[in-house]
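Please keep the coordinates open while reading.

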Amino acid sequence: MQILILPLGFILWYLAYEAKPINNDEATCLWEEDKFAKRAKLLNILRESF
């Protein structure tokens with residue numbers, strides 16, 4: 001039974017992953033810029049500590 005369930009689960013996961021919407025709007029861009037700024041701050045802190 002598990003031999004049938006696992007491949008079926010992967011197939012359903014793949015179909016759901018392919019069907020997810022892609023959001024390329026202004027809010028997404030702002031969110032990505034915010035994450036980039038936070039990541040840069042953390043990298044600067046790490047570089048200063050070493």
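At 1.5 Å a residue, the 18 residues of H1 should span 26 Å, and the end C-alpha atoms are 26 Å apart, so expectation and model agree. The model is a predicted one.

How many helices and strands does the protein chain have? The secondary structure comes to 2 helices and 0 strands. H1 covers residues 2-19. H2 covers residues 26-49.

Burial is quickly told. Buried residues make up 0% of the 50 residues in the protein chain. The protein chain exposes about 5300 Å². Carbon and sulfur atoms supply 68% of that area.

## The aromatic pair

Searching the whole structure gives 1 aromatic pair. The partners are Trp13 and Tyr17, with ring centres 5.8 Å apart and planes at 25 degrees. Planes under 30 degrees apart count as stacked, so this pair is stacked.

Why are Trp13 and Tyr17 separated by about one helical turn? They are 4 residues apart in helix H1, which accounts for that separation. An α-helix has 3.6 residues a turn, so residues three or four places apart point the same way.

Trp13 counts as exposed because its relative accessible area is 55%, and the cut-off is over 50%. Tyr17, at 43%, counts as partly exposed.

## The salt bridge

The structure holds 1 salt bridge. Lys38 forms this contact with Asp34, and the closest N and O atoms are 3.6 Å apart. Side chains of opposite charge can pair when their charged atoms come close.

Lys38 and Asp34 are 4 residues apart in helix H2, so about one helical turn separates them. Lys38 is exposed at 52% relative accessibility. Asp34 is partly exposed at 38%.

## Accessibility of the paired residues

The table sets out the residues of both contacts.

| Residue | Relative accessibility | Class |
|---|---|---|
| Trp13 | 55% | exposed |
| Tyr17 | 43% | partly exposed |
| Lys38 | 52% | exposed |
| Asp34 | 38% | partly exposed |

Definitions and conventions:
Residues numbered from 1 in each chain as written. Predicted model: local features only at pLDDT ≥ 70, side-chain atom pairs only at ≥ 80, totals over all residues. Heavy atoms only, no water. Buried < 20%, exposed > 50% of the residue type's maximum accessible area, 1.4 Å probe, protein only. Areas by Shrake-Rupley, 256 points an atom, 1.4 Å probe, with all protein chains shown as cover. Expected span 1.5 Å × (residues − 1). Phe/Tyr/Trp six-rings, centres within 6.5 Å; stacked < 30°, edge-to-face > 60°. Salt bridge = Lys/Arg side-chain N within 4 Å of Asp/Glu carboxyl O.
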